[in-house]
Amino acid sequence: MEIRQCSVLVIGGGESGIRAAVEAKRAGVDEVILLTKGKFGSAGVMFSELTYGWDMQAATGENDGTDSTDVFFDDVMRAAQGTCSAELARVVTDEAASRVDDLVDLFGLELLAGSNGKPRQVYGCFSSKSRAYQFIHPARIKEQMKQSVDRFGVTLLEEFMAVELLKKDGVCCGAMAVSRDGKILCCLAGAVVLAAGGATGIYQHNFASPGMTGDGYSLAYRAGCSLANLEFMQFGLGVLEPKYNALFLDRILCLKPDIKFRREHRFPRPLEQMMEQHAKHFPFSCTDDSFYLDTAIFEETLENGGKGVAVDLSVIPREKLEEIPVWGLYYSWFEEEKNPYDNELSITPFAHACNGGVKINAEAMTEVPGLYAAGEMVSGPHGANRLGGYMHAACQVFGTRAGRNAAWFAGEHPVSFDGVVFPELTPTGKESMDLGAMRRQVGELMWRSVNVVRCEADMAAALEAVRNWQMALEEYGGPDLWEFYETRSTLLSAELILTAALARRESRGSHYRKDFPQTESAPYVLSLSRSPDGVAVRRTEAFT
């Protein structure tokens, strides 16, 4: 076992982890270690090759004098439908503009300019104003972020998966990690920032980067943190064929493509009207009637052996498609012989992002002293629905706060590492098993049971299956530590998401229960925590 020591350990190489690491160094601490599960730039949804760049909401009034941080805040709260933290939402809406400036001035990212020469701002999903700034050239974003990590002297340790947090006298003081080739690393730290991303990767069809198996949820939960809003998993339409994993460009729906349903559906409105409604927001939401479109596509995918629903774009004049600002980039994702104009697209809902996760306070600290969190894996800034481009704002705002406050904590609360207990990481069972096949089975089950259509019977059966797999995993005695711990995170994340989705017996935002289609008049928040009897669920009237 290799032992490293630092002032601040940051776990996760996405945008919030990078921001936290840089901010901790800027705060003046000696050494900051950035631990990434994959190679730099392969972690985090924000670095996906199939993306248009970064849209980041910030209310500056630069292009619309009627916009303000108060209007921005109201948009966030309206979308969340009573399930987010007003305090954390206010922090994001107040500080987002400064973080946009940082991305330009500190990291060197480039803003897309409009025809008036000012930075362009567009509407984000569920927003009332066009306030989302656009950072262009994804490859350049990755390059600029790597240059910043090097320039500020952050120590980068790649391809290590954190598997257990370390505590002394109740204070987080580091983490244990493993590599794919079986190396064990212990990072002792004055404070730790968790920025390990969400759990969309546990779904069969997802837009996640490789390895997003809820490691942060698992680490925090096992260390004693509470989690909330895990039932609010966002889904968006994605392409199965001819370019797997590409987003379905939602703005196409305004142009009335031919969606070829195999059977007749009873829609409350004409299909064309629902397509126009859906074009206003990429993620699925049962807040408006566009959800009938997503649920019909999902149900037909199940009925047709997972083949998806065909969409024909050739009925749209090509010049109309080319008027969509990102059409050229979208078209370039496809091989020429499989281009989206001359070939039907097969589409279905993909897991997109988590709106819930680990609970933090306004300083980005969890309930465990010395442990901070940021990025997609936290809950509070958003809820049932989330504004498009708001995740970037939350990542930058709380990534900054987490790094800065972790540096402060490490300086103000020096810890002696004498007596820190290192857990035994070698599995103690005797059985060998195909853990990759187990994770694939989990993915298929989660995609079928906790998607845009949910019901008690399906989710209860899925939860029972997950718990049986957890018991089976206890008997694992194979040599592959990476496979073991990634499977453990996958199963625990699945258990937590299913538990939350079963407990919310209503439909709200991204959570649609076919057996409970109505929305309760009084909103509430579901929090999950570890107890001797398993996962404990607590219901409160507001986010606390």
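The model is predicted, so local features need pLDDT of at least 70 and side-chain atom pairs count only at pLDDT 80 or more, while totals for chains, interfaces and linings use all residues. Residues are numbered from 1 along each chain as its sequence is written, and side-chain values use heavy atoms, with hydrogens and water left out.

**Backbone**

Most residues other than glycine have a negative phi, and most peptide bonds are trans. Select E241 and P242 to see a cis peptide bond, with omega about 5 degrees. P242 belongs to the loop between β11 (233–241) and β12 (258–260); helices (H or I, at least four residues) and strands (E, at least two) are DSSP runs, numbered from the N terminus.

Proceed to D169, another residue other than glycine with a positive phi, here near 55 degrees. D169 is placed in the loop between β7 (160–168) and β8 (171–179). Is D169 buried or exposed? Its relative accessibility is 74%, so D169 counts as exposed. Buried means under 20% relative accessible area, exposed over 50%, and partly exposed in between (1.4 Å probe, protein chains only).

**Aromatic rings**

Across the whole structure, a search finds 18 aromatic pairs. Rings of Phe, Tyr and Trp (its six-membered ring) pair if their centres lie within 6.5 Å; planes under 30 degrees apart count as stacked, over 60 as edge-to-face and the rest as tilted.

Select F207 and F350: their ring centres are 4.9 Å apart and their planes lie at 15 degrees, so this pair is stacked. The pair links distant parts of the chain, 143 residues apart, with F207 in the loop between β9 (184–194) and α5 (215–223) and F350 in strand β14 (residues 345–354). Both F207 and F350 are buried.

For F261 and F267, the centres are 5.9 Å apart and the planes at 55 degrees, so the pair is tilted. F261 counts as buried because its relative accessibility is 19%, whereas F267, at 23%, counts as partly exposed.

Then select W327, Y330, Y331, W333 and F334, which ring pairs link into a cluster.

**Charges over rings**

A charge sits over a ring if NZ of Lys or CZ of Arg is within 6 Å of the ring centre and within 35 degrees of the ring normal. Display R318 with Y341: R318 lies over the face of Y341, at 4.0 Å from the ring centre. Finish at R539, which lies over the face of Y524, at 3.5 Å from the ring centre.
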